[in-house]
Amino acid sequence: AAWFEEENHCVERIVSWIADQLCAGEVASRRVLDVGCGNGGMLVQLGQAGFLRLTGADYVEQALELAKANLVRELAGGGQLSGGSAVAWEVVLDNVLESQLAEGSFDLIHDKGTLDAILLSCSGPEAQASVATRYSKAVERLARTGGLLVVTSCNLSEAELISAISAQSSWEFRDSLRYPTLSFGGSEGSRI
């Protein structure tokens, strides 16, 4: 999504925020899972920011092939950053709701739009609530104790997102990124 990445520098802001939130810049040893990694763009950005243990998961094989190609090209030939640090990365075919990844494996789980896509496939509020509970429990199972879940949503307000994720899990809201807003018809929302 070019609107997300280019004009507003959203990816760079998210990566910087993650590095600060996760442990004041100590990122090299942190294991990262990008749920619904798509073309691997976020993984590339995280690798370039110093995260060295990256996993991308998607349920679309073609997306994983594209992610592999982008990671090989962008992380300087398949896992070496320009500073010489090796980036260990993998992309795996996986559905977050039925994940086969090892329990308690990740310090950071990142999601840009996967929860949105899952919820949009639901028919009605009850189904959405049920799936949101499954999602939050699934990512909670994958996270190490004290892990961080970062979700970017274009469909849910901050309050809706917090409610959907924390209702039936131990996730706690920590903070959110602020973007420029606009007002229209008495309502205010993010310009992104």
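The model is predicted, so local features need pLDDT of at least 70 and side-chain atom pairs count only at pLDDT 80 or more, while totals for chains, interfaces and linings use all residues. Residues are numbered from 1 along each chain as its sequence is written, and side-chain values use heavy atoms, with hydrogens and water left out.

User: Which strands are the edge strands of the sheet?
Analyst: Strands here are DSSP runs of E with at least two residues, and helices are runs of H or I with at least four, both numbered from the N terminus; two strands pair if DSSP finds at least two bridges between them. The open sheet has five strands with parallel pairing, in the order S3-S2-S1-S4-S5. Pairing on one side only marks the edge strands, S3 (88-93) and S5 (143-152).

User: What is the bridge partner of Ala57 in S3?
Analyst: S2 and S3 run parallel and are joined by six bridges. In S3, Ala57 has as its bridge partner Val92.

User: At what angle does H6 run to S5?
Analyst: Contact means heavy atoms within 4.5 Å. Helix H3 (residues 41-48) lies across S1, S2, S3 and S4 (106-112), at about 175° to S2. H6 packs on the sheet and touches S1, S4 and S5; with the direction of S5, its own makes an angle of about 135°.

Notes
Axes are lines fitted to C-alpha atoms, for helices over the stretch in contact, and angles run from 0 to 180 degrees between N-to-C directions.
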